[in-house]
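Subject: A structure for you to look at

Hi there,

Here is the structure I promised to pass on. Have it open while you read, and I will walk you through what turned up.

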Amino acid sequence: MSETMDRPEDAPEHCPGTQSDSAGKSSACAGCPNQSICASGVARGPDVGAEMVKAKMSFVKHKIFILSGKGGVGKSTVTSLLGRALAARFPEKNIGIVDIDICGPSMPRIMGLLNEQVHQSGSGWCPVYVEENLAVMSIGFLLSSPDDSVIWRGPKKNNMIRQFLSETDWGEDGLDFMLLDAPPGTSDEHLASTGYLKPTGNTSAIIVTTPPELALLDVRKEIDFCRKVGLNILGVVENMSPFVCPKCHVASDIFPKNTGGGEKMCKEMEVPYLGRLPLDPMLGKACDEGVSIIDKLPAINPIVENIILQLESA
């Protein structure tokens, strides 16, 4: 059998293929939902989990990952702002946020849902609603305490992500936008979730960075990851740039752009630059308190407009 027949069409370029002697055993296989099947040597039949995800995602128009190779750049903050902004801008559309950062779920606190829980129904898990058209699903809703740690290996995390994608009931009308808040890096959660979602179509990514070169180094790796797995990049959001003094309202660069910042990197990497968000103490306080401040943060509006333009031209 030829190599092109061995490998699924949506497989990453480093997939050894089901007929390879290293199938399910190489480092490239770590975190793949089908690793145990490939390693067993048994001919792979239909992936039931993937089929369940595909069926559920037929009711989701746009799936958008919020990614960054670097931790601490504000992925969860950007996800929450985009979710609230889209819900306010399109009151007739449904927006869902899926927190796939299994070991560090931030969405319950940021969205003001810290003590909420999800409930099981005949149609699956019921997400927690922030607004009538904005709902959130997170492992944080399944823990007995916000202080509980999640100490799981890759396969168990991947299975939880599959359940979020295939067993969450987003309502009869489905979703117009699904935002997926991902952990930093290019590891298990990223491979599993992109493996499930990319075959369903209309799947893309927004990458978050801060101005320093230390962050940009890892963000370049995230861009490379997206290209290797065939994930469309809508663009880059530069967060924490600049700092806005809450008293005098003067802007200054706390994180200097010694190498040109996110905008220059986007030109070098040939990806769209969506805009920047300030380092504003008011925003940090709002995340801690779980309240919305999009009406006081005009910088989010051009970013949303640029995202819509990128989706329309995709």
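Predicted model: local features only at pLDDT ≥ 70, side-chain atom pairs only at ≥ 80, totals over all residues.

Strand 2 and strand 7 run parallel and are joined by five bridges.

Is strand 2 (residues 95-99) enclosed or open? Five of its five residues are buried, so strand 2 is largely enclosed by the rest of the structure. In a regular strand, side chains alternate between the two faces of the sheet. For strand 2, that puts Ile95, Ile97 and Asp99 on one side and Gly96 and Val98 on the other, and all of these are buried.

Eight strands form an open sheet in the order 5-6-2-7-1-8-9-12, and the pairing is mixed. At the edges are strand 5 (128-131) and strand 12 (273-276), each of which pairs on one side only. On average, neighbouring strands of the sheet are turned by 25° against each other, ignoring direction. An antiparallel pair is found where strand 5 meets strand 6 (residues 134-138), with three bridges between them. Within that pair, valine 128 has valine 136 in strand 6 as its bridge partner. Helix 7 (residues 188-197) packs on the sheet and touches strand 1, strand 7 (175-181) and strand 8. The direction of helix 7 makes about 160° with that of strand 1.

Seven of its seven residues are buried, so strand 8 is largely enclosed by the rest of the structure. Thr203, Ala205, Ile207 and Thr209 lie on one side, with Ser204, Ile206 and Val208 on the other, and both faces are covered. Strand 8 pairs with strand 1 (residues 60-67) in the parallel sense over five bridges, and there isoleucine 64 stands opposite serine 204. Six bridges link strand 8 to strand 9 (residues 232-238), also in parallel, with isoleucine 207 opposite valine 236.

Next, a pair of helices. Two packed helices are described by the angle between their axes and the distance between the axes. For helix 3 (residues 48-57) and helix 6 (residues 154-167), the angle is about 40° and the axes are 7 Å apart. The crossing of helix 3 past helix 6 is left-handed. Which residues meet here? From helix 3 come Gly49, Met52, Val53, Lys56 and Met57, and from helix 6 come Arg162, Leu165, Ser166 and Glu167. By type, the residues of this contact divide into four nonpolar, two polar and three charged.

Aspartate 169 sits in the loop between helix 6 and strand 7. Its relative accessibility is 22%, so aspartate 169 counts as partly exposed. Leaving aside neighbours within four places in sequence, aspartate 169 is in contact with Lys56, Ser121, Ser123, Trp125 and Pro127. The C-alpha atoms of aspartate 169 and methionine 137 are 10.0 Å apart, while the two residues are 32 residues apart along the chain.

A few backbone details are worth a look too. Most residues other than glycine have a negative phi, and most peptide bonds are trans. Methionine 240 has a positive phi, near 60°, and so does glutamate 270, at about 60°. Methionine 240 is in the loop between strand 9 and strand 10 and is buried, with a relative accessible area of 18%. Glutamate 270 is in the loop between helix 9 (261-269) and strand 12 and is exposed, with a relative accessible area of 71%. The bond between serine 241 and proline 242 is a cis peptide bond, with omega about 0°. Proline 242 belongs to the loop between strand 9 and strand 10 (243-244).

Finally, the chain as a whole. There are 11 helices and 12 strands, and buried residues make up 49% of the 314 residues. Among contacts between residues at least 6 apart in sequence, 76% join residues at least 24 apart. The accessible surface comes to about 14,900 Å², and 50% of it belongs to carbon and sulfur atoms.

Happy exploring!

Key. Residues numbered from 1 in each chain as written. Heavy atoms only, no water. Axes fitted to C-alpha atoms, helices over the stretch in contact; angles between N-to-C directions. Helix = DSSP H or I, 4+ residues; strand = E, 2+ residues; numbered from the N terminus. Left-handed = near helix turned anticlockwise from the far one by under 90°. Contact = heavy atoms within 4.5 Å. Nonpolar A, V, L, I, M, F, W, Y, C, P; charged D, E, K, R; others polar. Buried < 20%, exposed > 50% of the residue type's maximum accessible area, 1.4 Å probe, protein only. Areas by Shrake-Rupley, 256 points an atom, 1.4 Å probe, with all protein chains shown as cover. Pairing = 2+ DSSP bridges.
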